[in-house]
Amino acid sequence: FTGYEVSSELSSNLVENGDFDADEAGWIYTTAGNVNANWVNNAGLDGGCFQVELLNGATIGGMSTNLTEDMAVGKVYRLKYSLISQSYGTMEVIFTNQQGGLIHKLVVPYTPTRRDQEFIFAFPSNLSEPSLGFRQKAA
């Protein structure tokens with residue numbers, strides 16, 4: 001969708017604790033291998049944020065959460081977030097279904113400069129028990 005303007009929001013936030021204002025409640029993440037993941041107050045972003053740090057040669061780390069309602073054909077959704085890093089690499093924004101099957105993936109570069117991202121999208125079929133994930137990959 002290009003050249004759009006959001007005139008009103010018809011529902012509440014579908015991501016529980018999507019603003020990370022107090023902690024990482026509702027999010028699942030891995031610290032397996034050489035990955036450090038925790039909630040951080042500010043760190044160059046608004047309010048709080050979730051920080052995933054790849055350590056000692058780790059190449060991937062991430063987090064995910066279940067959305068608060070099913071996604072339906074014919075509805076349009078907006079995803080907004082900000083990211084900042086101490087290095088360069090890519091982050092995958094992933095939507096999956098209840099069986100873990102990949103529905104949609106966006107690949108976004110990250111840099112030491114803050115980026116505010118916004119995506120408008122629709123799904124080709126109904127999506128029950130969807131989840132949203134972010135997966136960081138080292139450069």
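**View 1. The second largest pocket of the predicted model, with a volume of about 210 Å³.** Of the 15 residues that line this pocket, G62, M63, S64, F134 and R135 are the closest to its centre. Two or more lining residues come from each of the strands β1 (28-29), β4 (60-66), β6 (89-96) and β9 (131-138). By residue class, the lining of the second largest pocket divides into seven nonpolar, seven polar and one charged.

**View 2. The aromatic pair of Y81 and F134.** Two aromatic pairs are found in the whole structure. In the pair shown, the rings of Y81 and F134 are edge-to-face, 5.4 Å centre to centre, with 70° between the planes. Y81 lies in strand β5 (residues 77-83) and F134 in strand β9, so that the pair links parts of the chain 53 residues apart. Both Y81 and F134 are buried. Ring pairs join Y81, F119 and F134 into a cluster.

**View 3. The largest nonpolar core, made of 27 residues.** The members that touch the most other members are M71, Y81, V93, F95, L132 and F134. At least two residues of this core are supplied by each of β2 (35-41), β3 (48-54), β5, β6, β7 (102-110), β8 (115-121) and β9. The most come from β5, which gives four residues.

**View 4. Surroundings of F134.** Leaving aside residues up to four places away in sequence, F134 touches W27, G61, G62, M63, Y81, M91, E92 and V93. Among these contacts, G62 and M63 are also listed with F134 as closest to the centre of the second largest pocket, while Y81 is the partner of F134 in the edge-to-face pair.

Conventions: Residues numbered from 1 in each chain as written. Predicted model: local features only at pLDDT ≥ 70, side-chain atom pairs only at ≥ 80, totals over all residues. Heavy atoms only, no water. 1 Å grid on protein atoms, 1.4 Å probe; cavity = no way out; pocket = protein on both sides within 12 Å on 5 of 7 lines; lining within 4 Å. Points joined across faces, edges and corners; volume = space filled by probe spheres on them. Nonpolar A, V, L, I, M, F, W, Y, C, P; charged D, E, K, R; others polar. Phe/Tyr/Trp six-rings, centres within 6.5 Å; stacked < 30°, edge-to-face > 60°. Buried < 20%, exposed > 50% of the residue type's maximum accessible area, 1.4 Å probe, protein only. Core = buried A, V, L, I, M, F, W, Y, C linked by side-chain atoms within 4.5 Å. Contact = heavy atoms within 4.5 Å.
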